[in-house]
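Please read the report below alongside the sequence and the coordinates, which come next. The headings name the topics in turn.

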Amino acid sequence: MADSSSTQPIDLRELVLVGAGHSHVQVLRSFAMNPPERTRVTLIVDLPVAVYSGMVPGLVAGEYRAQDLEIDAVPLARLAGARVVLAPAIAFDPIAKTVTPAGRPPIPYDLASVDIGSTVFGLELPGIAEHALPTRPIGRFVARVAEVEAAARAAAGPFRVLVVGGGAGGVELAATFRARLAPLAKAGLEVRLLHTGERLLATYPSGLSRRVESALGRRGIAILAGRRVRAAEPGVAVLDDGERLPFDALVWASGATAHPLLPSSSLACDERGFALVRSTLQARDHDDVFAAGDCATLIDFPTTPKAGVYAVRQGPVLTANLRARLAGEPLRRYRPQRDFLTLLNLGDGTAIGSKWGASFEGAWVMRWKDWIDRRFMARFQVLQDDGAPGPAREQMGEMATGEGMEMVCGGCAAKLGQEALDRTLARLPPAPPAPEVVLGMGEADDVVAYELPGGDTLVASVDFFRAFTDDPFLVGRVAAANSISDLEAKAVAPRWAQALVALPLAAGEREAEQTLFQVLAGARATFDSLGVRLLGGHTSRAVDLQVGFAVQGVTAPGGRLLRRRGEIAVGDVLVLTRPLGTGVLFHADMAARARGPWLAAALAGLAASNAPAAAIARELGAGAATDITGFGLGGHLASMLAGSGLAARLRLAALPALAGAVELLARGERSTFHGENAKLRKALAIPRELATEPRLELLFDPQTAGGLLFAIAAERAPGALSRLATAGCSQACVIGELVPARPDGAVAEILPA
Ligand SMILES: Cc1cc2nc3c(=O)[nH]c(=O)nc-3n(C[C@H](O)[C@H](O)[C@H](O)COP(=O)(O)OP(=O)(O)OC[C@H]3O[C@@H](n4cnc5c(N)ncnc54)[C@H](O)[C@@H]3O)c2cc1C
């Protein structure tokens, strides 16, 4: 590749945070209020939301909704100016100084911090992973609580819950499952708590253990002490002594064991696989690696329990030490608290607590616990369920409110408007006649095509966009999918590609090289999976990262191209293969206004190929097809219908939307290019009562790597939809039909449903 310019910018320091555990969310919150200088922060996390374990028993009891326990790491990270890589870290190399997320190349760091929690002990025992409900990963546990409730409701006989684990988690879950299920289990409920020790809560004061055992006994919960499960079979737990205990739900709260990431690295770990850290929270042998929370063991205090309270207290020390390390200043030391307030939720509006050896219980204890937990959560809740600002935004002050963070969108939302493009092209002199041109300037389409001497047709396209997110691998991956989508929409298999990459002017040489590598690795991930060869390319420098690809494919003589303006007729129906909303979601994400699960769902579909959908459309005789990109559904539909003598009828309720898109549109969120696309409004027949419907705005939302829109005879639509569903387009649907041109000249009439 040729490099056409040079600059002298400075490389940023790379700080990589792995996991969004209790310590890291505090680091992110602090960085949101006061970002470290000359540092790029990257958060690598397997799931967009982290679950606050302290409230999990309350969820089991039915006191909280799942959302009440969730810390949405994505908007928090955005406020902190951090990149977010939504993938589990699968390798950590402190020698090469890299972290590898699943499905991606390694990400280099100057400074790394790991807060990935722990997993539960005993999952490797026969049948446990299959038949038990483990408390880790905690998000999956939370998602499965409703399954236990459904089973209890449906049970014909007494419903039997067996909780394994005599620590705080096991105690709270036994009590809270009892509270939740007792009113539902028609034929009765039996809860048993099994543990290996002599008393429950063996690491806590004995007074607390006695109080807890008595409280559970009064609630009819049987405690099986000194017993060990060695295996599980369907509906039966097999104990060490051969006894078989029947169960309908086996809750596995057996204590913490190490997550495999760190023991499989060359970091020094204790005999259980937890990373050994000094009191500065630095890894024993690596000054540039920090670890906190359950995944770390303090060399000076090795018996510190694996509990969230310690991870929480480590947060401020970790934050200060990461800053100090970046600034070359002395580090603080963490000393675990000698005692901490324990509050155990019993699920019936009461809780048991202990501190400094004394224990207490009652409804007031539960109210206290609830106040502490909600206050903790409010510090991190950047967004509410519907995307409205959460309490953390106000608490963090002006620095981190994200207000005024009006960014110019990238992706397919960064382009010249259709009208300006048409005017520009009209000013050019007509192209000289060329009989071999099949698709050229004369026919507005996304590809060019011309016949080769042997009779084959070469079909080519070029696409180029500003990065729509700050994750270069993802940008490369999506830019590649987007560029080949134009050919796929014609049912032409793309075969070769050339890259065009403009690297940010502000990036130093090391950063530029790393960015280019990540972009091309992302592109290769898309291209290689589809048999497209990346043959070469060109680099340049621009204000922002810009990535595009020129792609080519060939059709055999006689091969039919699925055109944007094809053979369409009154009565044909319009099929859209993917939900809309990437424009508004990516715009909101840049300003920390998109919820992490919304973003994760949008990103998950983005690199998918349109080829299977186009093949189905062509095989079933679709008359015209186009992929939906920057001009949005409305613009692409208008272009499909131009000159056809037809109009469309669109059913608003049928328009498929990505999670969060309509909520954001309702809140007034708009992608930068939305206004330009919305000029089409005047060419639509919109009943007054629908004019302010947020869903209507989906028509103008610019799509990055959107789905396929095609017109097909109505009787073939059911077959097309069922084949599309099998091919992975589960949200493909009919959004309207074609009608004769309207007297008012409108491109489309909007119907409610
Ligand atoms: C039911 C239950 C109730 C509990 N109640 C309490 C309580 O009341 N008080 C208390 O002190 N402790 C409690 N605990 C213990 C507490 O959950 C843990 O000690 C605490 O969560 C540890 O925090 P952490 O920061 O180490 O990690 P976590 O809070 O577990 O966070 C780990 C983070 O890393 C992410 N992650 C995991 N794997 C990867 C990967 N490969 N790559 C990238 N990211 C990854 C996760 O998604 C998450 O964001 C409870 C535990 C359970 C199971």
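## Asp-240 and its salt bridge

Asp-240 is partly exposed, with a relative accessible area of 46%, where buried means under 20% relative accessible area, exposed over 50%, and partly exposed in between (1.4 Å probe, protein chains only). Its side chain meets that of Arg-228 in a salt bridge at 3.7 Å, N to O, a salt bridge being a side-chain nitrogen of Lys or Arg within 4 Å of a carboxyl oxygen of Asp or Glu. Because Asp-240 lies in the loop between β17 (236–239) and β18 (244–246) and Arg-228 in the loop between β15 (222–224) and β16 (229–233), the pair ties together parts that are 12 residues apart in sequence. Helices (H or I, at least four residues) and strands (E, at least two) are DSSP runs, numbered from the N terminus. Arg-228 is likewise partly exposed, at 45% relative accessible area.

## Basis of the model

This is a predicted model, in which local features need pLDDT of at least 70 and side-chain atom pairs count only at pLDDT 80 or more, while totals for chains, interfaces and linings use all residues. Residues are numbered from 1 along each chain as its sequence is written, and side-chain values use heavy atoms, with hydrogens and water left out.

## Other salt bridges

By the rule given above, the count comes to 41 salt bridges. One of them joins the side chains of Arg-78 and Asp-470 at 3.6 Å, N to O. Arg-78 lies in helix α3 (residues 73–79) and Asp-470 in the loop between β30 (457–466) and α12 (472–488), so this pair ties together parts that are 392 residues apart in sequence. Arg-78 counts as buried, at 10% relative accessibility, whereas Asp-470 counts as partly exposed, at 33%.

A further salt bridge is formed by the side chains of Asp-544 and Arg-466, at 3.0 Å, N to O. This pair links distant parts of the chain, with Asp-544 in the loop between β32 (533–542) and β33 (546–555) and Arg-466 in strand β30, 78 residues apart. Asp-544 is partly exposed, with a relative accessible area of 30%. Elsewhere, salt bridges that share partners join Arg-649, Arg-651, Glu-737, Arg-742, Asp-744 and Glu-749 into one network.

## The ligand and its shell

Which residues come nearest to the ligand? Of the 27 residues around the ligand, these are Asp-46, Ser-53, Asp-115, Arg-136 and Asp-294, where a residue is near a molecule if one of its heavy atoms lies within 4 Å of it. By class, the shell has 12 nonpolar, 10 polar and 5 charged residues; here Ala, Val, Leu, Ile, Met, Phe, Trp, Tyr, Cys and Pro count as nonpolar, Asp, Glu, Lys and Arg as charged, and the others, Gly among them, as polar.

An oxygen atom of the ligand is 2.7 Å from an N or O atom in the side chain of Arg-136, and an oxygen atom of the ligand is 2.8 Å from an N or O atom in the side chain of His-22. A polar side-chain atom of His-259 lies 3.0 Å from a nitrogen atom of the ligand. Taken alone, the ligand exposes 1000 Å², and the protein buries 87% of that; accessible areas come from the Shrake-Rupley method with a 1.4 Å probe, and for residues only the protein chains shown count as cover. The elements that give two or more residues to the shell are β3 (39–45) and α8 (308–327), and the largest share, 3 residues, comes from α8.

## A nonpolar surface patch

Leu-421, Leu-425, Leu-428 and Met-441 form a nonpolar patch on the surface, with about 380 Å² of accessible area together. Patches are made of residues with over 30% relative accessible area and no salt bridge, like charges being joined within 9 Å and nonpolar side chains (Val, Leu, Ile, Met, Phe, Trp, Tyr) within 5 Å. Leu-421 is found in helix α11 (residues 418–427) and is partly exposed, at 32% relative accessible area.

## A buried glutamine

Gln-703 is found in the loop between β37 (684–685) and β38 (708–712), and at 1% relative accessibility this residue counts as buried. Its side chain makes a polar contact with the side chain of Asp-701 at 2.7 Å. A polar contact is a pair of N or O atoms within 3.5 Å; within protein, one must be able to donate a hydrogen and the other to accept it, and residues adjacent in sequence count only if both atoms are side-chain atoms.
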